[in-house]
Amino acid sequence: MDIALLGNPNTGKTSMFNNLTGSYEYVGNWSGVTVEKKVGIFKQGAAKLIDLPGVYSLNPLSKDEGVVTRFLLDDPFDRMLNIVDASQLERNLHLTLQLIEFGSPLIIGLNMIDVAKNRGIQVDVEKLSSVLGVEVVPVVARTGRGCKDLAEAATTPYRETKKQFQVDYGEEIDKAITKLEQLLQGESSHSTRWLTLQLLEGNPYVKKYLQSYIDMADLDGLIHSTSRAVLAGSEVRTIEQFIYKRRQAAIGEILKETTEVKGNSGQPLSEKIDLIITNKWLGLPIFLCVMYVLFMLTFDWLGFPLSDALDAFISGPITEGISQLLDLVGASKFIHALVLDGIVAGVGGVLVFVPQIFILFFFISILEDSGYMARVALVMDRLMEMVGLNGKAFIPMMIGFGCNVPGIMAARTIETPRERLMTTLLTPLMSCSARLPVYALFVGAFFVHQKALVVLSLYVLGIVVALILAKIFSNTLLRGETSFFVIELPPYRLPQAKALWKSTWEKGKGFVKKAGTFIFAGSVIIWLLSYAGPGGTNVQMDDSFLAMIGGVFAPLLAPLGFGTWQAGASLLTGFLAKEAIISTMNIIYFVPDEAGLQGILANTFSPLSAYSFMVFILLYIPCLATVATIKKETGSYKWTFFSMGYALAIAYILSLIIYQVGQVFGL
Amino acid sequence: MLSMLRKGEKAIITDISKADELVKRRLLDLGITEGSEVCIKCKMPFGGPFMLESCGQCVGIRKNEASCIKVEGL
């Protein structure tokens, strides 16, 4: 049995998904975390739960909201589970009524009854259930209270006993429903009532769906004649508004019967926090402080010693153990070299950074779960508006700090296509966690005393370049269309340890997995390329195939300060995955550990060329996975190649300026 | 106009028809329309967005959009 999970944004849908399915799922407290539908299996294994993006209505404004409408139209499923926020019942019921109109079996999980109670709202669950004609189960998704009951209700066979609630939209709309029924001639399996209402509300997906059965002119005629008839005797201006008002009136009646409001219990804690966090003058400084602490913890205070310890462990006991094991089984010299110089150096060099990457992901998860992300969008909006974007575009960019791929997917929540495309193109400039090992390595070798500061400067550089390019793009390539910004600021919620760990692991496991597969295979290939050359096997590294390939790029890179075949070869592998740069360098320079590599690097790089190299790595190209995501999201080869081309050009120019100007100043 | 309200002031929306279509639709999704009571919680500096509170939820909108929404003070 397939159950679709639907609800408004910020109603705890994703926590409910976690509670019901027990799978590791990504939770977020800002609209748009669920950018693609995700499927989980119920704990009892009885059914599949499909998590869909949060929507306010089935008539979509943004691309991720369209996912829901398209799902309802095209995908088969057995029933719908609607999560409703009891503290915002009025707004939530608009979606519920549309789901009832859709007509598939429906169950309601009434979430946040505790929050509602705190705000003095008492919901009579049984009454609500009997009025709507839908089973309602009260739950607190955050603590898991009631989730068992809900799981049971959702998975037990459906008994259609009650008559479901119907909004009275008046005679004219009923006529339109009958008319559409005739036009369809029974060809669609969906409820005609729902199709008619969505069509009249201007739902583009439903209109397109109906066009496959009915002539466009007939549809427009139906919309026109109905609008005229409906609006004739009323003061509302559009039919969309008319339908909304009718629903609103019906909801008013439902609420009167089912809820009781006992005065307001003073200013909620969330608003008190907002007095400081989104304070007119403190908002931006607080955000910068949060970012600073995040970087200090990741690179300096906590992450660095942990990575160091792990490095010592891998290069010491582990390498030794493997070496002895190989001796024990009598492995050949070739295997010995392949395992230790290739795999251990390549994969180990990347795994060393697992602690730092997990710390970074942990903090991004806190920012998401607490509801702070939406505030960041608010605080940053003025700046983003100046460059032709809106504050919401900052959220994909922040997520891009973790990994560019989910960052680009999060851009779907941006409503206007122009801003969405721009955010998609610029998010790769955000320094993702895979670039972090490269910085960590180089700052460790060249900037020991200003580690966090140098790394922070790279992150800031990425943002600044993105903002400048946004301004340029919006004045040249992507002109027109006004920018748009309305954002819901969900109440602050204390992130829960379990959910935090889950979402940190969910994000970080990709990195570990990549080390075990992609980087593993890559290390073997790179090592083999460095082992073999035109002159046979076991050649001097400088005579190997790898040196030949990297050497092609060396002259091009010389003006940037790193014109060696080693840099060329590692940048080439960096396109596959940014952390592969580290694996490649470890293999090329024949060292199994970070400290050894740093020692060698000090001979081939100067601090200036090291910085130029880091800037180049920050900007030069989105990794393969990101390129694939850009292609998927934009659906255009032109924009995909553009995203690669402009990055390469910007990286080259900036690194050139940094190195050449730096040399003039004698750095 | 909504943009003229001071921080902490409450008002009722009387006319939202001049606002951008998308803004109107999104505010409607959030249950904010003509007749809703709103309160300015915070204004960001340099002509930045406003934070509104209406029926227990907070929403951010831009200043120029707020200046298209007519309100009546309470």
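How much area do chain A and chain B bury between them? In this predicted model, the two chains bury about 3,200 Å² between them, and 56% of that area lies on carbon and sulfur atoms. The contact involves 39 residues of chain A and 36 residues of chain B. Within chain A, the packing of helix 24 against helix 25 is also described below.

**Interface of chain A and chain B**

- On the side of chain A, Leu61(A), Tyr244(A) and Val486(A) lose the most area to chain B, together accounting for 18% of what that side buries.
- Six salt bridges are counted between chain A and chain B.
- One salt bridge joins the side chains of Arg237(A) and Glu34(B), at 3.7 Å from N to O.

**Elements and residue classes on the side of chain A**

- The elements of chain A that give two or more residues to the side touching chain B are helix 11 (239-258), helix 12 (269-277), helix 17 (372-386) and strand 9 (486-489).
- Helix 17 of chain A provides the largest share, five residues.
- By class, this side of chain A divides into 13 nonpolar, 13 polar and 13 charged residues.

**Helix packing within chain A**

- Helix 24 (residues 518-531) and helix 25 (residues 545-557) of chain A pack at an angle of about 100°, with their axes 5 Å apart.
- An angle of 65 to 115 degrees counts as roughly perpendicular, and these two helices are therefore roughly perpendicular to each other.
- Ile526(A), Leu529(A) and Ser530(A) in helix 24 meet Phe545(A), Leu546(A) and Ile549(A) in helix 25.
- This helix contact has five nonpolar residues, one polar residue and no charged residues.

Note on methods. Residues are numbered from 1 along each chain as its sequence is written. Chains are lettered from A and ligands numbered from 1 in the order in which they are written. This is a predicted model: local features need pLDDT of at least 70, side-chain atom pairs count only at pLDDT 80 or more; totals for chains, interfaces and linings use all residues. Side-chain values use heavy atoms; hydrogens and water are left out. Axes are lines fitted to C-alpha atoms, for helices over the stretch in contact, and angles run from 0 to 180 degrees between N-to-C directions. Helices (H or I, at least four residues) and strands (E, at least two) are DSSP runs, numbered from the N terminus. Angles under 35 degrees count as roughly parallel, over 145 as roughly antiparallel, 65 to 115 as roughly perpendicular and the rest as oblique. Contact means heavy atoms within 4.5 Å. Ala, Val, Leu, Ile, Met, Phe, Trp, Tyr, Cys and Pro count as nonpolar, Asp, Glu, Lys and Arg as charged, and the others, Gly among them, as polar. Buried area is the accessible area (1.4 Å probe) that two parts lose on being put together, summed over both. A salt bridge is a side-chain nitrogen of Lys or Arg within 4 Å of a carboxyl oxygen of Asp or Glu.
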